[in-house]
Amino acid sequence: MLNQHQINKLRTILSVFVISFSTTALSATTELPALNALPDESSISGLSSGAFMAAQFHVAYSKDLVGAGIVAGGPWNCAGNNPYVTPILSATTTCMNPCKNSLFGCSSIMYPNSGYLAELAKQTANAGLIDAVENLKDDNVYIFSGSSDETVVTGVVDTTVDFYHKLGLSDDHIRYLNQINAGHAFITTDPDDTKCSITKAPYINDCDIPQAQQILKHIYGQQQPAAKSLSGELIAFDQSAFFDDPLTSMDDTAYVYVPQNCRTEQCKVHIALHGCEQGISVIGTTYVKETGYLEAADSNSTIVLFPQVKKSSVSPMNPKGCWDFWGYSTNNLPPYNYYSKEAPQMVAIKKMLDRLISKPLKLTKN
């Protein structure tokens with residue numbers, strides 16, 4: 001007969017075993033497939049930290065993209081807005097809710113300086129660290145800010161619009177929605193999701209608007225109605241094959257959705273980035289499956305890539321599982337590269353995109 005101490009010890013051992021087993025089970029060994037996707041029809045979108053990353057990736061790799069969707073996010077290199085302030089401080093104040101704790105009221109100078117960042121983008125492009133900003137002029141950009149969002153406030157998102165304008169995008173290429181009473185969330189038409197105006201996990205809200213469809217429509221033009229049932233395959237693949245530095249805070253597993261026809265036809269690729277506390281290590285596949293991307297993509301010949309970041313508490317310091325838009329992938333120390341084509345997370349995403357665009361290897365008979 002076991003005493004209570006022995007029972008408790010056994011429970012601890014079993015708990016560790018279960019957690020270890022579960023973690024191992026979540027690690028995919030399947031390779032991301034090469035699908036011969038269209039090389040000149042790729043785009044990216046994201047929510048919150050994923051939106052900041054989408055803006056960074058879009059500007060850095062503008063030669064390879066045709067558009068972006070930025071939901072509750074600031075402009076490229078927002079955290080580099082002030083050369084006299086560390087990026088992590090700017091990221092958590094200027095780029096989110098700059099007037100929240102102000103003792104001196106609120107002023108426009110407290111928000112990201114879109115003019116400074118646009119000039120900085122040009123200089124960074126001239127240095128070869130990002131693609132030429134002229135590539136952006138014919139891209140389509142969808143930008144959204146909920147009027148009840150107090151996490152990344154509308155004033156910050158306004159500067160994202162200004163940034164793109166200053167780099168030559170006309171109003172015809174930008175769709176900006178900022179009058180919907182949404183909290184800090186990706187929005188859907190699902191009545192089972194959180195009420196539109198509220199901000200709470202998992203940050204997916206019912207505002208009676210199919211945001212995933214809207215993003216793809218603005219980027220690519222007229223779309224077929226979203227599929228009522230899915231034809232394709234959602235694949236968990238080994239994301240660790242695309243990075244080798246633990247400071248990336250990227251998960252070992254990520255997902256890609258491949259519509260059935262994209263196995264035999266060339267399709268577009270859209271990259272969808274979750275926000276903080278929305279990775280698979282926190283909410284499973286909720287962001288992947290419940291945001292509407294799969295249904296919108298399935299009937300419109302679009303492969304959707306869902307890269308993943310996980311929480312990390314020491315090195316790097318990323319306790320909420322956010323995408324790096326301030327420099328944690330260099331331990332918050334200069335030289336910073338989070339905004340450039342040298343950023344480890346962006347390099348990993350680009351490698352995944354290149355894999356999807358590459359042609360499958362054909363086996364030859366001996």
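Select Asp131 to begin: with a relative accessibility of 7%, this residue counts as buried (buried means under 20% relative accessible area, exposed over 50%, and partly exposed in between, with a 1.4 Å probe and protein chains only). The model is predicted, so local features need pLDDT of at least 70 and side-chain atom pairs count only at pLDDT 80 or more, whereas totals for chains, interfaces and linings use all residues. Residues are numbered from 1 along each chain as its sequence is written, and side-chain values use heavy atoms, with hydrogens and water left out.

Asp131 and Lys341 form a salt bridge, their closest N and O atoms 2.7 Å apart (a salt bridge is a side-chain nitrogen of Lys or Arg within 4 Å of a carboxyl oxygen of Asp or Glu). This pair links distant parts of the chain, 210 residues apart: Asp131 lies in the loop between H4 and strand E3 (140-144), and Lys341 in the loop between E11 and H10. Helices (H or I, at least four residues) and strands (E, at least two) are DSSP runs, numbered from the N terminus. Lys341 is partly exposed, at 28% relative accessibility.

The structure has 5 salt bridges by this rule. For another, select Arg263 and Glu233, whose closest N and O atoms are 3.1 Å apart. Arg263 sits in the loop between strand E9 (253-258) and E10, while Glu233 belongs to strand E8 (residues 233-238). Arg263 is partly exposed at 44%, and Glu233 is partly exposed at 42%.

Move to helix H10, where Lys350 and Asp354 are 4 residues apart and therefore separated by about one helical turn. Their salt bridge has its closest N and O atoms 2.9 Å apart. Lys350 is buried at 14%, whereas Asp354 is partly exposed at 37%.

Now display the cysteines. The structure holds 5 disulfides, a disulfide being a pair of cysteine sulfur atoms within 2.5 Å. Select Cys78 and Cys95, whose bonded sulfur atoms are 2.2 Å apart. Cys78 is in the loop between strand E2 (65-71) and helix H3 (87-92), and Cys95 in the loop between H3 and helix H4 (114-126). The S-S torsion of Cys78 and Cys95 is about -115°, so this disulfide is left-handed. Both Cys78 and Cys95 are buried.

Finish with Cys276 and Cys322, a disulfide with sulfur atoms 2.0 Å apart. At 120° about the S-S bond, the link of Cys276 and Cys322 is right-handed. Cys276 and Cys322 are both buried.
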